[in-house]
Amino acid sequence: MNQARVRRLNDAPIDRTADYVLYWMQSARRLRSNHALDYALRCSRELGKPLVVYEGLRLDYPWASARISSFVIEGMAANATRAHTLGINYWPFVETSEASAWGLLRKVAARACLVVTDDFPCFILPEQTAKLAREPRAFFAIDNNGVIPLALLGTAPFAAAHLRRRMHNLFESAWAERSRVKPRFDEVSNARVEPPFALTDLTNVSALVGALPIDQSVLRLPNKPGGARAGAKQLELFLRNGLSIYADHRGEPAPPEELHGSGLSPYLHFGHLAIEDVLGAVLGKVEKAGGRTTPDRSNVAKRQGFYTDDPNANAFLDEALTWRDVGFVWHWTRRADTANLKRALPPWAYKTLEKHASDRRLYTYSMDAWESAATHDEIWNAAQRELLATGVIHNYMRMLWGKKVLEWSPTPETAYQTLVHLNNKYAVDGRNPNSYTGILWCFGLFDRPWAPERPVFGQVRYMSSENTAKKFKLRGYLDWVRALAR
Ligand SMILES: Cc1cc2nc3c(=O)[nH]c(=O)nc-3n(C[C@H](O)[C@H](O)[C@H](O)COP(=O)(O)OP(=O)(O)OC[C@H]3O[C@@H](n4cnc5c(N)ncnc54)[C@H](O)[C@@H]3O)c2cc1C
């Protein structure tokens, strides 16, 4: 493993007399293609101690809801089944009104020689990781986020183009050091350990989630279950029916069944799918069709032609690698700056929005109106209804959705807070680095000034529902959204 993925979080010594090596699975919630799991297994082999995988879910995470908890717990149920087949010590724990999580992880860590976890740069994960690092246990965080270790990718990019060159230059060596599709469990790693708490019974996810004191109004998505198997199925579906139309149709709003986009972001967000597996599967498909699957260095820094000569696969990989990592690298180096627009935005964008902050807004809405899709604009309402019903918004509609909240909010700062709330509350892929940078893109991040200067937006790129309606045949998308509401 590239050592750039490893961060030692404290000076506590490794306790060779303790019971096991603990892998606290936080963001790469899967039992394959997982750098942290590989690292923990290596420690288990070196120390001659069993491995324990602990996967938990608290009650009090921000925007806790039936939707998000179901997706996570479905993933845990899939992991439990897989762990059973592999014969490993997998300890799932879902906090409930009766079973408190208070002190549990500390108790589990206290018996460990060392603790390994995922190094995820967003949401509550950095804080809860830092908290456990205060315990007297050697603690290692492993960057499991992308194909290339984030520490090698340098400073926060100003634009995707800046990162693309760096990524292309580092790609081949990083790909050679990818994680193991089948991690090496053995008799030592799998030696049985008795858990010090009652493992959660995951057989009836809907009953378990239904009894949790969390927001039950954000509904579970029965057609979009979480978990490694469900993620693999979505990937298969995309490879079969979506990849060959990706370059031409990705930007065109359509119902998700038409696969104008892979639909993989929720699975990537929770780590039910590894980006390395996605890349491997896409290149595998290209190879089968006789295409090139080794990088072409004459296309370094270009959007097309680097990874492969298949334009659809290349366009997809540019999104899934370059664009996805733009958000991760930005968070890796500037996470604290998401607190407000002044810190987050490039100076030109902040200045122009501030100059137009007191411009008259033609419309403004309360949070209730936003949430219930009750604006004057049917196209915006459709995007919001898609979010409410399916937990995602088609990529193009998501940009328009964000831009309109900026236009119809009393100030840019209120618009930012509204978007963070809506996105993180309802989107299954929310609470991710790309949630914040995606929203901030609507305010000018990773973009450039545009003419003409307009009310409210100033020089920030403008988008309108009228142009969207002219640019695309929206009828299919709008009819589909209307049917969702029935
Ligand atoms: C206002 C707004 C909010 C957003 N919130 C989120 C969010 O909460 N979580 C999230 O993962 N993405 C977010 N994005 C980025 C993008 O919209 C989604 O990643 C994409 O629509 C997911 O659909 P897909 O998996 O079908 O994408 P595909 O087109 O199939 O792309 C494959 C993968 O590449 C990555 N990707 C694609 N486009 C982008 C992009 N523009 N920026 C970063 N990564 C990208 C995603 O991981 C995606 O799953 C947001 C964008 C905007 C404008």
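**Exercise 1. Work out how the radius of gyration of this predicted model compares with that of a compact globule.**

Step 1. Start with the chain length: the protein chain has 486 residues, for which a compact globule would have a radius of gyration near 23 Å.

Step 2. Now check the model: the chain comes in at 23 Å, so it agrees with the globule rule.

Step 3. Along its principal axes, the C-alpha trace spans about 70 × 55 × 40 Å.

Step 4. Of the 486 residues, 49% are buried. Take the contacts with a separation of 6 or more, and 78% of them join residues 24 or more positions apart.

**Exercise 2. Find which residues of helix α7 are buried, and where they sit around the helix axis.**

Step 1. Locate the helix: α7 covers residues 228-242, 15 residues in total. From first C-alpha to last, α7 reaches 20 Å, close to the 21 Å expected at 1.5 Å a residue.

Step 2. Pick out the buried positions, using the cut-off of 20 or more other C-beta atoms within 10 Å. That gives A228, G231, Q234, L235, F238 and G242.

Step 3. Look down the axis. The buried residues of α7 fall within an arc of 125 degrees, so they line one face of the helix.

Step 4. Ask what the buried residues pack against: the partners are α2 (66-86), α8 (246-249), α9 (265-269) and α10 (275-288).

**Exercise 3. Describe the side of domain 1 that touches domain 2, by elements and by residue class.**

Step 1. Get the bounds from the domain assignment: domain 1 is 1-144, domain 2 is 147-180 + 226-337, and domain 3 is 340-485.

Step 2. The centres of domain 1 and domain 2, taken over C-alpha atoms, are 26 Å apart.

Step 3. Count the contact residues: domain 1 puts in 26 and domain 2 puts in 23.

Step 4. Sort the domain 1 side by element. Those giving two or more residues are α1 (35-47) and α2, and α2 gives the most, with nine.

Step 5. Sort that side by class, and you get ten nonpolar, nine polar and seven charged residues.

How values were computed: Residues are numbered from 1 along each chain as its sequence is written. This is a predicted model: local features need pLDDT of at least 70, side-chain atom pairs count only at pLDDT 80 or more; totals for chains, interfaces and linings use all residues. Helices (H or I, at least four residues) and strands (E, at least two) are DSSP runs, numbered from the N terminus. The expected span of a helix is 1.5 Å times one less than its number of residues. A residue is buried if 20 or more other C-beta atoms lie within 10 Å of its own, exposed if 12 or fewer, and partly exposed in between; C-beta atoms are placed from the backbone. The arc is that of the directions from the helix axis to the C-beta atoms. Two residues are in contact if their C-beta atoms, placed from the backbone, lie within 7 Å. Domain bounds come from an automatic or database domain assignment. Ala, Val, Leu, Ile, Met, Phe, Trp, Tyr, Cys and Pro count as nonpolar, Asp, Glu, Lys and Arg as charged, and the others, Gly among them, as polar. The radius of gyration is taken over C-alpha atoms; the globule rule is 2.2 Å times the number of residues to the power 0.38.
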